[in-house]
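Work through the exercises below with the sequence and the coordinates open. Each task is followed by its solution in steps.

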Amino acid sequence: MHSAQVSDPPFPGELLTREIFGNISSDSKLAFYVLTAVSLAVFCVGVRSRWRLWRLGREDSGGVSVAASLRQFAARVLTQRAVQGRGGASRAHTLLFWGFCVLATGSGLVAVEHYAHDLTGRGSTDPIFHKGTYYAVFEVTLELAGIALLLGAGWFFARRVRGDSSIGHRTGDLVILGALFFLGLSGYLTEGLRILREDTQQPELSFVGLLFAKGLKLCGVGREQSDLLHLVTWWGHAVGALGFIAAMPYTRLLHVVAGGLSVATQEKRLGYLTPISVEEVEETGRFGVGRIQDFTRRQLLELDACVSCGRCQDACPAHAAGKPLSPRDIVQETRGALEVHGPLILGARSSGGDEDEATNAAPPLHGDVIRAESLWACTTCNACSDVCPLGVSPVNLITDMRRHQIGMGELRGAPAKSLEKTQRQGNPWGLPKEDRMDWARGLDVPLVADNPDFEVLYWVGCAAAYDARVQKVARAVVRLLQHAGVNFAVMGKEERCLGECSRRMGEEFVFQELAEHNVTALSAHGVKRIVTHCPHCLNSLRQDYPDVGGSYEVVHHTAFLEELQTAGKLPVDGELSGGLTFHDPCYLGRVHDETEAPRALLESVLSGGGELKEPARSERETSCCGAGGGRMWFDDEPETRVGRDRVEELVETGAETVVTGCPFCLRMVTDGVAEREDRPEVRDIAEILVDVVLGVGEDHPREET
Ligand code: SF4
Ligand code: SF4
C-alpha cells in the first residue's frame, strides 16, 4: 500500500515531500476505508475463532509474564534468531519478515500522516512530518524493503516449485507467495506511474519506482494514460493488501499470529515434562491425552504455529531410520484433528450437549489420526523441539499421548515388561536389589550410612548396577574419585531406578512411586550435591525431581572430573596417541547444553599427539543413539535400529576409539559397531581417563571392555 503522488501544483519552494492519496477521489477513499474495516473485521473474526479453539485445551500450569514475553519476542522474533540455522531458508525468511514489517510500518506511517493531516485541517501543501530528511530516508527504506520482500518470497516460491521433501506442500502456499509477489510488484508499478504522472522531486529516492517509470515510458505510457493506470494499480495494490490481511488467520499466514505468540511465550525447557497428579486423574478420568481437548491451551496454540517447515522431521533420528514417525506429521495430523473435533466440541459446549458424543462423531485421535507405532518410535531425543523455529514441542505432544496409551494398557511385549520390572524390583532389568552393589566388589566404596559426612553423592544408576559393561564405567569413576581424594558415598541398596525411562514412556505413576522413595532416601542422608555418569539420571534429578520435592545440585561426571582436573587432582600420567571421537549424548549435549567439559578432558589426554575427530553432527546437533524414551527395551532388528546412521558417522571419523558419557549410548554404539568389520573401541570418558591418570599396570590392570 505504499503509493501516492506529488500534487499539482507542486509543493512550494524546495519542500521535499509528496502528496498522499493523490489521484484518489473522495469516493475511492471512502470505499478504501470501508474495505479496510471489512478486512480487519474478517481478520479479527478469524483470530477469534482460532482463539476459541486454543481455549478448548486444559489450562496451562504457571502464568505468562507479559514483560518476559515481550522481551522474548524482541530477542527471538524481531532479530529472527528463532529461524536461523537453515542457510538459504533462514536468510530468505529474514528478508521476507523485515521487508514485510517495514512496508507495513511504512503504510501505517503514511496513514498516520494522512489522517492527522485531515484532522488538523492543514492545507494540502503543508505536510506534518512526511517531508525533508525523514521523507528521503522513508522513501529509500521502503524501496529496499520492497526488494527484500521480493527476494524472500522468490526464494520460498522456488523452493515450493522444487518440492523439497521435508516441507509440507499445500497449493495455498503458492497462492500466498504469489500474493506477496503481487503486492511487491504492484507497489513499485503504482509508484512508477505516480512518478510518470507528476514531476516528483528527487524521484531517484524511489529508485525502483523510477526504473518502472522509465520502463513504462519506453512502452509508450505517457502522462495521459498514467492517471487511469495509476488508479487501477493503486486499487489492485490496496485490494491485494487488504485481502492479504483478511486471509491471515485462514491460511499458513496464521503462523504470523500463532507463531509469534508461541515463540514469545515459550519456556524453553528441553527435557521437562509436566507432572500429572492422582487427584487430577481421579477427578477428570483423564490420563495423558486421549482427545484433542486433553492437550493444554499452549499445545493447541503450537499446532497452529507450525508451518510444516520440516526442520523437526529432518532432525528426527527415528524418521531417518525409516520408523513410522515424522514429528512434523504428528503436529500437522493433530492439527487436522483440532480442525475436525474443535467445532464439534464448541458446538456441544454452547448447546449444553455431550462433549464426548460430539467428539465421537469424528475419527478418534488415537489410532485413526495418530498411530501407536509412531508414538512408540520416538526416542525423546528432543531434537525436534530444539530445532523448531516456532516454539513447537512435538516430543511433548508425543509423550502426553503415550501417557494415554499406557493408561489404556496398550503397551505390550518387552517394553511393557521393563515397566513391570521397574515397578516390582526398582530397576528395568528386574534383578534383585541385593545385587545393586555387585559392581563395586574389591573397590572399598563407601555407603552413605558408613560415611555420613560425605561431600558428594555418586549416583550409580541401574545400568551401572546391573549391566556388566556399564559396571566398568562405575568402577572407573570410583577409582578416579578415590585417586582425587573426593569425600564421596553411594546409596547402595537404598538406591532405586529414578524412573526417568518410565516417565518418558508415559508411565507417570511408576515414576512418582520411585521418585518418592528416592527423595525420602536422599533427604534422610542430607544429600545436597550429586554426581552421575548418566545424562538421563542427570536430567531426571535436575528437571523431574524438583516437582516431587527433591532439589539438588546435580553434576555430570564429565563436568565433575574436569573440575577435579582443573584443581590439579587428576594429573595425566600417560597419554593417548590414537584418534578419539566424542559422541555427545542427547540429554547432555542437547538437553543440558554441556559440551565443553568432555572435550576439555579428552584434549588433556591427547596432548601426546592424538587427535579429537569431530563427527559430522556434534554438540547440540548430535544425533541419537536410539535408546532414549524407553526405546532401549524395544527389540529392533539391527538394520532398523534408530542409531544406525549415528554409528556410521562415528566410524567415518576414522577414530580408533569412540568415547561417550552415557551408559545407554555406550550400550547402543557398542552393539552398533559390533555389526561392522571396521570396529572402533567404544568407551566411556571415565574409562579413558582412568588409564591415563592412574596408568595401566600391575596395580591398575586395564578393564577389558
Ligand atoms: S513443528 Fe516446528 S520444525 Fe516441525 S514442521 Fe512445524 S514449525 Fe517446522
Ligand atoms: S524426540 Fe527425537 S525421536 Fe522423538 S520425534 Fe523428536 S526428533 Fe524424533
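**Exercise 1. Identify how strands β1 and β3 are joined, then build up the sheet that holds them.**

Step 1. Strand β1 (residues 456-459) and strand β3 (residues 529-532) run parallel and are joined by three bridges. Strands here are DSSP runs of E with at least two residues, helices are runs of H or I with at least four residues, and both are numbered from the N terminus. Two strands count as paired if DSSP finds at least two bridges between them.

Step 2. Opposite Leu457 stands Ile530 in β3.

Step 3. The open sheet has four strands in the order β2-β1-β3-β4, with parallel pairing. β2 (488-489) and β4 (553-556) each have a single partner strand, so one side of each lacks a neighbour in the sheet.

Step 4. Helix α24 (residues 557-566) packs on this sheet and touches β1, β3 and β4. The direction of α24 makes about 85° with that of β4. Contact means heavy atoms within 4.5 Å; axes are lines fitted to C-alpha atoms, for helices over the stretch in contact, and angles run from 0 to 180 degrees between N-to-C directions.

**Exercise 2. State the basis of the model and its confidence.**

Step 1. This is a predicted model, in which local features need pLDDT of at least 70 and side-chain atom pairs count only at pLDDT 80 or more, while totals for chains, interfaces and linings use all residues. Residues are numbered from 1 along each chain as its sequence is written, chains are lettered from A and ligands numbered from 1 in the order in which they are written, and side-chain values use heavy atoms, with hydrogens and water left out.

Step 2. Mean pLDDT, the predictor's confidence in each residue from 0 to 100, is 90 for the protein, and 95% of its residues reach 70 or more. Over residues 1-9 pLDDT stays under 50.

**Exercise 3. Describe the sheet that contains β6.**

Step 1. This open sheet has three strands in the order β5-β6-β7, with parallel pairing. β5 (580-582) and β7 (681-684) are the edge strands, each pairing on one side only. From one strand to the next the twist averages 30°.

Step 2. Three bridges pair β5 with strand β6 (residues 657-660) in the parallel sense. Leu580 has Thr657 as its bridge partner in β6.

Step 3. Helix α29 (residues 685-694) packs on the sheet, touching β5, β6 and β7, and its direction makes about 85° with that of β7.

**Exercise 4. Locate Asn23 and Ser308: is each buried or partly exposed?**

Step 1. Most residues other than glycine have a negative phi. Asn23 has a positive phi of about 65°, and phi of Ser308 is near 60°.

Step 2. Asn23 is in the segment before α1 (26-54), whereas Ser308 lies in the loop between α10 (297-305) and α11 (311-315).

Step 3. Asn23 is partly exposed, with a relative accessible area of 26%; Ser308 is buried, at 4%. Buried means under 20% relative accessible area, exposed over 50%, and partly exposed in between (1.4 Å probe, protein chains only).

**Exercise 5. Characterise the shell around ligand 2.**

Step 1. The ligand is surrounded by 13 residues, the closest being Cys316, Cys378, Cys381, Asn382 and Cys384. A residue belongs here if one of its heavy atoms lies within 4 Å.

Step 2. The shell has 10 nonpolar, three polar and no charged residues. Nonpolar covers Ala, Val, Leu, Ile, Met, Phe, Trp, Tyr, Cys and Pro; charged covers Asp, Glu, Lys and Arg; the others, Gly among them, are polar.
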